[in-house]
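User: Hello! I am new to this and would like to learn how to read a protein model. Could you walk me through it?

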Amino acid sequence: MTASRFRRAVPGAAVLLASALTLTACGSGGGGGSDAAGKVEGGISFQTWNLRAGFKDYFEGLVKEFEKAHPGVTVRWLDQPAENYAEKLGADAAGGTLPDVVNVSPDLAHPLAKAGLLVDLDREKVSAAFKSEYTPEAWKGNELPGLGGTYAFPWYLNTGPLFYNKELFSRAGLDPDKPPKSYPDLFDCATRISRQSDGKIATLASSPTIEDFGRYGVRLTNSDATAFTYNEPKGVELLSRYQELYRNGGLDPQALNSTPERAGQKFLEQKVAINPGSAHDLGTFKQNAPSLYRNLGITDAPNNTGKPNMYVMGLAVGQHSKHKAAAIAFAHFVTDRKNQEEFAHKVAVFPSTKGSLEDPYWTRDDGTDEGRVRVASAKMLKGAVNYTPVVMSDEMKTILKNEVAKALQGKKSPQQALDDAVAQSNKLLKQG
(Lines give C-alpha, C1' and ligand atoms only; values in the text may rest on other atoms or scores of the structure.)
Protein backbone atom coordinates (compact mmCIF):
# COMPACT_ATOMS: atom_id res chain seq x y z
CA MET A 1 0.00 0.00 0.00
CA THR A 2 1.27 3.46 -0.86
CA ALA A 3 2.24 5.75 2.00
CA SER A 4 -0.43 8.31 1.14
CA ARG A 5 -3.11 5.71 1.79
CA PHE A 6 -1.34 3.98 4.67
CA ARG A 7 -3.10 5.65 7.56
CA ARG A 8 -6.62 5.99 6.22
CA ALA A 9 -7.25 2.82 4.24
CA VAL A 10 -6.03 0.05 6.54
CA PRO A 11 -8.68 0.24 9.32
CA GLY A 12 -11.98 -1.48 8.71
CA ALA A 13 -10.81 -3.90 6.06
CA ALA A 14 -10.59 -6.79 8.51
CA VAL A 15 -14.33 -7.03 9.08
CA LEU A 16 -14.87 -7.48 5.32
CA LEU A 17 -12.26 -10.20 5.12
CA ALA A 18 -13.54 -11.93 8.24
CA SER A 19 -17.05 -11.92 6.79
CA ALA A 20 -15.78 -13.45 3.55
CA LEU A 21 -14.00 -16.21 5.44
CA THR A 22 -17.06 -16.89 7.58
CA LEU A 23 -19.45 -17.01 4.63
CA THR A 24 -17.29 -19.46 2.72
CA ALA A 25 -16.40 -21.54 5.78
CA CYS A 26 -12.83 -21.78 4.61
CA GLY A 27 -11.22 -21.66 8.04
CA SER A 28 -9.61 -25.00 8.58
CA GLY A 29 -6.70 -24.41 10.94
CA GLY A 30 -3.79 -26.75 11.28
CA GLY A 31 -0.82 -27.26 8.99
CA GLY A 32 -0.66 -28.01 5.30
CA GLY A 33 1.58 -27.00 2.47
CA SER A 34 5.19 -28.02 1.98
CA ASP A 35 8.08 -28.25 4.42
CA ALA A 36 9.31 -24.80 5.46
CA ALA A 37 12.76 -26.25 6.04
CA GLY A 38 12.93 -27.82 2.60
CA LYS A 39 14.84 -26.75 -0.48
CA VAL A 40 14.33 -23.21 -1.75
CA GLU A 41 12.83 -23.98 -5.14
CA GLY A 42 9.64 -23.82 -7.18
CA GLY A 43 7.27 -21.16 -8.48
CA ILE A 44 5.73 -18.75 -5.97
CA SER A 45 3.36 -15.78 -6.21
CA PHE A 46 3.99 -12.46 -4.45
CA GLN A 47 1.15 -9.97 -3.99
CA THR A 48 1.54 -6.31 -3.06
CA TRP A 49 -1.10 -3.74 -2.20
CA ASN A 50 -1.36 -0.82 -4.63
CA LEU A 51 2.38 -0.49 -5.28
CA ARG A 52 2.85 -1.25 -8.99
CA ALA A 53 2.07 2.27 -10.25
CA GLY A 54 4.79 3.95 -8.25
CA PHE A 55 7.39 1.23 -7.77
CA LYS A 56 7.27 -1.11 -10.77
CA ASP A 57 11.02 -0.96 -11.45
CA TYR A 58 11.89 -1.49 -7.79
CA PHE A 59 9.86 -4.68 -7.41
CA GLU A 60 10.80 -6.10 -10.79
CA GLY A 61 14.42 -5.56 -9.79
CA LEU A 62 13.86 -7.37 -6.48
CA VAL A 63 12.33 -10.36 -8.26
CA LYS A 64 15.20 -10.59 -10.74
CA GLU A 65 17.81 -10.33 -7.99
CA PHE A 66 16.16 -13.08 -5.93
CA GLU A 67 15.73 -15.39 -8.91
CA LYS A 68 19.38 -14.90 -9.83
CA ALA A 69 20.45 -15.89 -6.31
CA HIS A 70 18.04 -18.85 -6.34
CA PRO A 71 18.04 -20.34 -9.87
CA GLY A 72 15.44 -22.93 -8.89
CA VAL A 73 12.82 -20.31 -7.98
CA THR A 74 10.48 -18.23 -10.14
CA VAL A 75 8.46 -15.38 -8.61
CA ARG A 76 5.22 -14.11 -10.14
CA TRP A 77 4.54 -10.57 -8.90
CA LEU A 78 0.90 -9.58 -8.49
CA ASP A 79 -0.42 -6.18 -7.40
CA GLN A 80 -3.95 -5.36 -6.32
CA PRO A 81 -5.53 -1.89 -6.11
CA ALA A 82 -6.30 -0.42 -2.70
CA GLU A 83 -10.04 -0.55 -3.34
CA ASN A 84 -11.65 -3.88 -2.43
CA TYR A 85 -8.34 -5.39 -1.36
CA ALA A 86 -9.94 -7.18 1.58
CA GLU A 87 -12.65 -8.69 -0.62
CA LYS A 88 -9.97 -9.94 -3.05
CA LEU A 89 -8.06 -11.58 -0.20
CA GLY A 90 -11.27 -13.17 1.04
CA ALA A 91 -12.06 -14.56 -2.40
CA ASP A 92 -8.52 -15.93 -2.80
CA ALA A 93 -8.64 -17.48 0.65
CA ALA A 94 -12.03 -19.06 -0.02
CA GLY A 95 -10.92 -20.40 -3.39
CA GLY A 96 -7.62 -21.78 -2.16
CA THR A 97 -5.65 -19.34 -4.31
CA LEU A 98 -4.12 -17.15 -1.62
CA PRO A 99 -0.69 -15.95 -2.87
CA ASP A 100 2.39 -17.59 -1.39
CA VAL A 101 3.64 -14.22 -0.10
CA VAL A 102 1.05 -11.53 0.54
CA ASN A 103 1.18 -7.89 1.68
CA VAL A 104 -1.02 -7.46 4.78
CA SER A 105 -1.61 -5.13 7.69
CA PRO A 106 -2.26 -6.75 11.10
CA ASP A 107 -6.04 -6.31 10.79
CA LEU A 108 -6.00 -8.19 7.47
CA ALA A 109 -3.65 -10.88 8.76
CA HIS A 110 -5.83 -11.62 11.80
CA PRO A 111 -8.81 -13.35 10.09
CA LEU A 112 -6.50 -15.21 7.71
CA ALA A 113 -4.32 -16.45 10.55
CA LYS A 114 -7.36 -17.33 12.63
CA ALA A 115 -8.58 -19.46 9.72
CA GLY A 116 -5.24 -21.32 9.67
CA LEU A 117 -4.13 -19.84 6.36
CA LEU A 118 -0.87 -18.11 7.36
CA VAL A 119 2.44 -19.42 8.63
CA ASP A 120 3.18 -18.66 12.29
CA LEU A 121 6.70 -17.27 11.89
CA ASP A 122 7.48 -17.83 15.56
CA ARG A 123 6.67 -21.52 15.30
CA GLU A 124 8.65 -22.30 12.14
CA LYS A 125 12.36 -22.56 12.95
CA VAL A 126 13.40 -21.26 9.52
CA SER A 127 11.47 -18.00 9.89
CA ALA A 128 11.93 -17.60 13.65
CA ALA A 129 15.70 -17.46 13.05
CA PHE A 130 15.24 -14.08 11.35
CA LYS A 131 13.44 -12.43 14.30
CA SER A 132 16.60 -10.75 15.61
CA GLU A 133 17.02 -8.82 12.33
CA TYR A 134 13.93 -6.67 13.03
CA THR A 135 13.21 -4.15 15.76
CA PRO A 136 11.29 -5.61 18.71
CA GLU A 137 8.56 -3.03 18.10
CA ALA A 138 8.07 -4.11 14.50
CA TRP A 139 8.04 -7.85 15.24
CA LYS A 140 5.58 -7.35 18.10
CA GLY A 141 3.45 -5.17 15.83
CA ASN A 142 2.75 -8.27 13.73
CA GLU A 143 1.85 -10.47 16.69
CA LEU A 144 -1.86 -11.26 16.75
CA PRO A 145 -3.81 -11.34 20.03
CA GLY A 146 -5.47 -14.62 20.88
CA LEU A 147 -3.49 -16.55 18.27
CA GLY A 148 -0.16 -16.82 20.06
CA GLY A 149 2.21 -15.99 17.26
CA THR A 150 3.57 -13.62 14.63
CA TYR A 151 2.10 -14.03 11.16
CA ALA A 152 3.98 -11.58 8.93
CA PHE A 153 7.55 -10.43 8.44
CA PRO A 154 7.73 -6.77 9.49
CA TRP A 155 7.98 -4.54 6.44
CA TYR A 156 7.60 -0.80 6.44
CA LEU A 157 6.37 1.38 9.30
CA ASN A 158 4.84 4.82 9.61
CA THR A 159 3.92 7.22 12.36
CA GLY A 160 2.02 10.47 12.54
CA PRO A 161 3.85 13.52 13.89
CA LEU A 162 1.98 16.47 15.34
CA PHE A 163 2.56 20.07 14.31
CA TYR A 164 2.15 22.79 16.90
CA ASN A 165 2.12 26.58 16.70
CA LYS A 166 4.96 27.96 18.83
CA GLU A 167 3.62 31.51 18.63
CA LEU A 168 0.28 30.50 20.16
CA PHE A 169 2.17 28.67 22.91
CA SER A 170 4.24 31.78 23.67
CA ARG A 171 1.18 34.02 23.83
CA ALA A 172 -0.30 31.74 26.48
CA GLY A 173 2.90 31.88 28.55
CA LEU A 174 3.90 28.35 27.60
CA ASP A 175 7.43 27.31 26.64
CA PRO A 176 7.33 27.01 22.83
CA ASP A 177 10.14 24.45 22.92
CA LYS A 178 8.34 22.15 25.36
CA PRO A 179 5.17 20.77 23.74
CA PRO A 180 2.95 18.54 25.91
CA LYS A 181 4.26 14.99 26.21
CA SER A 182 1.48 13.52 28.38
CA TYR A 183 -2.28 13.95 28.43
CA PRO A 184 -2.27 15.89 31.73
CA ASP A 185 0.21 18.29 30.10
CA LEU A 186 -2.02 18.51 27.02
CA PHE A 187 -5.12 19.34 29.04
CA ASP A 188 -3.29 22.00 31.07
CA CYS A 189 -1.87 23.47 27.87
CA ALA A 190 -5.31 23.58 26.23
CA THR A 191 -6.88 25.28 29.23
CA ARG A 192 -4.21 28.00 29.29
CA ILE A 193 -4.42 28.69 25.56
CA SER A 194 -8.20 28.93 25.69
CA ARG A 195 -8.17 31.28 28.68
CA GLN A 196 -5.48 33.52 27.25
CA SER A 197 -7.37 33.89 23.97
CA ASP A 198 -10.80 34.33 25.58
CA GLY A 199 -11.91 31.10 23.98
CA LYS A 200 -10.94 32.12 20.45
CA ILE A 201 -8.07 29.63 20.10
CA ALA A 202 -8.59 25.91 20.65
CA THR A 203 -5.74 23.48 21.10
CA LEU A 204 -7.33 20.48 19.38
CA ALA A 205 -9.72 20.23 16.44
CA SER A 206 -10.76 16.57 16.69
CA SER A 207 -12.56 14.44 19.27
CA PRO A 208 -10.68 11.46 20.81
CA THR A 209 -10.22 8.31 18.70
CA ILE A 210 -9.41 4.76 19.74
CA GLU A 211 -5.70 5.60 19.39
CA ASP A 212 -6.13 8.37 21.99
CA PHE A 213 -7.62 5.88 24.41
CA GLY A 214 -4.65 3.60 23.79
CA ARG A 215 -2.09 6.37 24.28
CA TYR A 216 -3.89 7.42 27.46
CA GLY A 217 -3.22 3.96 28.88
CA VAL A 218 -6.71 2.50 28.51
CA ARG A 219 -7.02 -1.27 28.04
CA LEU A 220 -8.79 -1.42 24.68
CA THR A 221 -9.65 -5.14 24.48
CA ASN A 222 -9.29 -8.27 26.55
CA SER A 223 -6.19 -10.39 26.06
CA ASP A 224 -7.49 -12.42 23.11
CA ALA A 225 -9.30 -9.48 21.44
CA THR A 226 -12.73 -11.10 21.74
CA ALA A 227 -14.26 -8.11 23.56
CA PHE A 228 -13.66 -4.36 23.81
CA THR A 229 -12.90 -2.97 27.26
CA TYR A 230 -12.24 0.75 26.71
CA ASN A 231 -15.20 1.64 28.96
CA GLU A 232 -13.00 0.88 31.97
CA PRO A 233 -12.48 3.71 34.51
CA LYS A 234 -9.40 5.09 32.75
CA GLY A 235 -11.37 5.36 29.51
CA VAL A 236 -14.15 7.21 31.30
CA GLU A 237 -11.53 9.49 32.82
CA LEU A 238 -10.17 10.41 29.39
CA LEU A 239 -13.59 11.16 27.93
CA SER A 240 -14.47 13.23 31.00
CA ARG A 241 -11.37 15.37 30.44
CA TYR A 242 -12.30 15.86 26.80
CA GLN A 243 -15.79 16.85 27.92
CA GLU A 244 -14.21 19.56 30.07
CA LEU A 245 -12.07 20.69 27.13
CA TYR A 246 -15.14 20.96 24.92
CA ARG A 247 -16.91 23.09 27.50
CA ASN A 248 -14.01 25.46 28.18
CA GLY A 249 -12.96 26.00 24.55
CA GLY A 250 -9.86 23.84 24.53
CA LEU A 251 -11.52 21.60 21.95
CA ASP A 252 -12.80 23.27 18.79
CA PRO A 253 -16.63 23.56 18.71
CA GLN A 254 -16.70 21.82 15.31
CA ALA A 255 -14.68 18.83 16.57
CA LEU A 256 -17.79 16.63 16.70
CA ASN A 257 -18.08 16.50 12.92
CA SER A 258 -14.57 17.53 11.96
CA THR A 259 -12.65 15.93 9.09
CA PRO A 260 -8.85 15.91 8.70
CA GLU A 261 -9.21 18.55 5.98
CA ARG A 262 -11.28 20.88 8.19
CA ALA A 263 -8.94 20.42 11.12
CA GLY A 264 -5.98 21.15 8.86
CA GLN A 265 -7.60 24.35 7.62
CA LYS A 266 -8.23 25.50 11.20
CA PHE A 267 -4.56 24.95 11.97
CA LEU A 268 -3.52 26.80 8.80
CA GLU A 269 -5.68 29.76 9.88
CA GLN A 270 -3.97 29.61 13.31
CA LYS A 271 -7.24 29.03 15.13
CA VAL A 272 -6.02 25.69 16.49
CA ALA A 273 -2.68 25.19 18.24
CA ILE A 274 -1.98 21.49 17.54
CA ASN A 275 -2.79 19.24 14.56
CA PRO A 276 -1.38 16.15 12.78
CA GLY A 277 0.59 16.83 9.62
CA SER A 278 3.04 15.69 6.96
CA ALA A 279 5.88 17.06 4.84
CA HIS A 280 3.31 18.00 2.20
CA ASP A 281 1.61 20.30 4.73
CA LEU A 282 4.90 22.08 5.39
CA GLY A 283 5.04 23.16 1.78
CA THR A 284 1.49 24.49 2.03
CA PHE A 285 2.32 26.43 5.19
CA LYS A 286 5.41 27.92 3.59
CA GLN A 287 3.38 29.24 0.68
CA ASN A 288 0.07 30.16 2.32
CA ALA A 289 0.95 30.86 5.96
CA PRO A 290 4.61 31.94 6.22
CA SER A 291 4.20 33.19 9.79
CA LEU A 292 2.92 29.76 10.83
CA TYR A 293 5.76 28.05 8.95
CA ARG A 294 8.36 30.16 10.82
CA ASN A 295 6.86 29.20 14.17
CA LEU A 296 6.14 25.54 13.52
CA GLY A 297 7.12 22.84 15.99
CA ILE A 298 7.06 19.09 15.30
CA THR A 299 6.42 16.58 18.07
CA ASP A 300 4.78 13.25 18.82
CA ALA A 301 1.20 12.90 19.99
CA PRO A 302 1.04 13.02 23.80
CA ASN A 303 0.85 9.69 25.57
CA ASN A 304 0.80 8.40 29.13
CA THR A 305 2.48 5.11 28.25
CA GLY A 306 5.85 6.32 27.00
CA LYS A 307 5.07 4.54 23.72
CA PRO A 308 4.10 6.48 20.56
CA ASN A 309 1.68 5.10 17.99
CA MET A 310 2.83 3.46 14.76
CA TYR A 311 1.27 1.87 11.69
CA VAL A 312 2.59 -1.50 10.50
CA MET A 313 2.79 -3.34 7.18
CA GLY A 314 4.02 -6.90 6.75
CA LEU A 315 4.55 -9.81 4.35
CA ALA A 316 2.76 -13.01 5.31
CA VAL A 317 3.42 -16.50 3.98
CA GLY A 318 0.57 -18.82 3.02
CA GLN A 319 0.30 -21.89 5.24
CA HIS A 320 -0.74 -24.04 2.28
CA SER A 321 1.99 -22.86 -0.07
CA LYS A 322 3.39 -25.68 -2.19
CA HIS A 323 6.84 -24.10 -1.94
CA LYS A 324 6.89 -22.75 1.60
CA ALA A 325 10.68 -22.69 1.90
CA ALA A 326 10.94 -20.45 -1.17
CA ALA A 327 8.09 -18.24 0.04
CA ILE A 328 9.73 -17.71 3.44
CA ALA A 329 13.09 -17.00 1.82
CA PHE A 330 11.55 -14.44 -0.54
CA ALA A 331 9.49 -12.70 2.16
CA HIS A 332 12.64 -12.38 4.24
CA PHE A 333 14.59 -11.13 1.24
CA VAL A 334 12.10 -8.33 0.49
CA THR A 335 12.11 -7.26 4.14
CA ASP A 336 15.83 -7.54 4.86
CA ARG A 337 17.76 -4.44 5.86
CA LYS A 338 19.23 -3.62 2.47
CA ASN A 339 15.94 -3.83 0.59
CA GLN A 340 13.86 -2.14 3.27
CA GLU A 341 16.21 0.83 3.41
CA GLU A 342 16.21 1.15 -0.37
CA PHE A 343 12.41 1.13 -0.46
CA ALA A 344 12.12 3.64 2.39
CA HIS A 345 14.36 6.03 0.46
CA LYS A 346 11.81 5.97 -2.36
CA VAL A 347 8.68 6.63 -0.32
CA ALA A 348 7.84 8.35 2.97
CA VAL A 349 7.89 5.24 5.17
CA PHE A 350 10.37 3.79 7.66
CA PRO A 351 12.25 0.47 7.68
CA SER A 352 11.54 -2.06 10.41
CA THR A 353 15.00 -3.66 10.41
CA LYS A 354 17.25 -3.31 13.43
CA GLY A 355 19.79 -0.49 13.14
CA SER A 356 18.28 1.09 10.03
CA LEU A 357 16.90 4.18 11.76
CA GLU A 358 20.36 4.98 13.12
CA ASP A 359 21.50 5.81 9.60
CA PRO A 360 22.13 9.55 8.96
CA TYR A 361 19.26 9.60 6.46
CA TRP A 362 16.87 9.23 9.39
CA THR A 363 18.87 11.12 12.02
CA ARG A 364 20.21 14.24 10.26
CA ASP A 365 18.00 17.08 9.06
CA ASP A 366 19.08 17.89 5.49
CA GLY A 367 17.30 21.24 5.48
CA THR A 368 14.34 20.12 3.38
CA ASP A 369 10.74 19.96 4.57
CA GLU A 370 10.73 16.23 3.91
CA GLY A 371 13.93 15.78 5.90
CA ARG A 372 12.62 17.81 8.81
CA VAL A 373 9.52 15.62 9.15
CA ARG A 374 11.41 12.40 8.40
CA VAL A 375 13.95 12.93 11.19
CA ALA A 376 11.30 14.01 13.70
CA SER A 377 9.10 11.02 12.86
CA ALA A 378 11.93 8.46 12.93
CA LYS A 379 12.68 9.42 16.55
CA MET A 380 9.10 8.53 17.47
CA LEU A 381 9.32 4.91 16.32
CA LYS A 382 11.52 3.71 19.16
CA GLY A 383 9.27 1.88 21.59
CA ALA A 384 6.20 2.57 19.43
CA VAL A 385 3.17 0.27 19.30
CA ASN A 386 0.13 -0.12 17.09
CA TYR A 387 -2.74 1.06 19.29
CA THR A 388 -5.53 0.24 16.83
CA PRO A 389 -7.09 -3.13 17.76
CA VAL A 390 -6.85 -5.56 14.85
CA VAL A 391 -10.54 -6.44 15.27
CA MET A 392 -11.87 -2.87 15.18
CA SER A 393 -13.81 -2.11 12.00
CA ASP A 394 -14.76 1.24 10.51
CA GLU A 395 -18.31 0.66 11.72
CA MET A 396 -17.03 0.20 15.27
CA LYS A 397 -14.97 3.38 14.98
CA THR A 398 -18.05 5.27 13.84
CA ILE A 399 -19.99 3.92 16.82
CA LEU A 400 -17.28 5.20 19.17
CA LYS A 401 -17.18 8.60 17.45
CA ASN A 402 -20.97 8.99 17.71
CA GLU A 403 -21.06 8.02 21.37
CA VAL A 404 -18.15 10.32 22.17
CA ALA A 405 -20.06 13.17 20.52
CA LYS A 406 -23.07 12.51 22.73
CA ALA A 407 -20.87 12.68 25.81
CA LEU A 408 -19.16 15.91 24.72
CA GLN A 409 -22.58 17.51 24.12
CA GLY A 410 -23.80 16.40 27.54
CA LYS A 411 -26.47 14.10 26.10
CA LYS A 412 -24.92 11.13 27.90
CA SER A 413 -22.46 10.71 30.73
CA PRO A 414 -18.97 9.59 29.66
CA GLN A 415 -19.59 6.25 31.35
CA GLN A 416 -22.91 5.65 29.59
CA ALA A 417 -21.52 6.71 26.22
CA LEU A 418 -18.59 4.30 26.44
CA ASP A 419 -20.73 1.51 27.86
CA ASP A 420 -23.06 1.86 24.88
CA ALA A 421 -20.18 2.03 22.38
CA VAL A 422 -18.59 -1.11 23.83
CA ALA A 423 -21.90 -2.99 23.91
CA GLN A 424 -22.66 -2.20 20.26
CA SER A 425 -19.13 -3.04 19.12
CA ASN A 426 -18.98 -6.28 21.08
CA LYS A 427 -22.26 -7.34 19.46
CA LEU A 428 -20.73 -6.75 16.02
CA LEU A 429 -17.57 -8.58 17.08
CA LYS A 430 -19.56 -11.67 18.04
CA GLN A 431 -21.49 -11.56 14.77
CA GLY A 432 -18.20 -11.47 12.86
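Analyst: Happy to! Helices and strands here are DSSP runs, numbered from the N terminus. Keep in mind that this is a predicted model. In this model, the protein chain comes to 20 helices and 10 strands.

User: How compact is the protein chain for its length?

Analyst: One way to judge is to set the radius of gyration beside the value from the globule rule. Here the radius of gyration is 22 Å, close to the 22 Å that the rule gives for 432 residues, so the chain is as compact as a globular protein of that length. Its C-alpha trace spans about 70 × 50 × 30 Å along the principal axes.

User: Which residues have the most contacts inside the largest nonpolar core?

Analyst: Such a core joins buried nonpolar residues through their side-chain atoms. The largest one has 114 residues, and those with the most contacts inside it are Phe59, Val104, Tyr230, Tyr242, Phe330, Phe343 and Leu400. Helix 15 (residues 324-334) gives this core its largest share, eight residues.

User: What is Leu400 in contact with, leaving aside its neighbours within four places in sequence?

Analyst: Its partners are Thr209, Ile210, Phe213, Tyr230, Met392, Leu418 and Ala421.

Technical notes. Residues numbered from 1 in each chain as written. Predicted model: local features only at pLDDT ≥ 70, side-chain atom pairs only at ≥ 80, totals over all residues. Heavy atoms only, no water. Helix = DSSP H or I, 4+ residues; strand = E, 2+ residues; numbered from the N terminus. Rg over C-alpha atoms; globule rule 2.2 N^0.38 Å. Core = buried A, V, L, I, M, F, W, Y, C linked by side-chain atoms within 4.5 Å. Buried < 20%, exposed > 50% of the residue type's maximum accessible area, 1.4 Å probe, protein only. Contact = heavy atoms within 4.5 Å.
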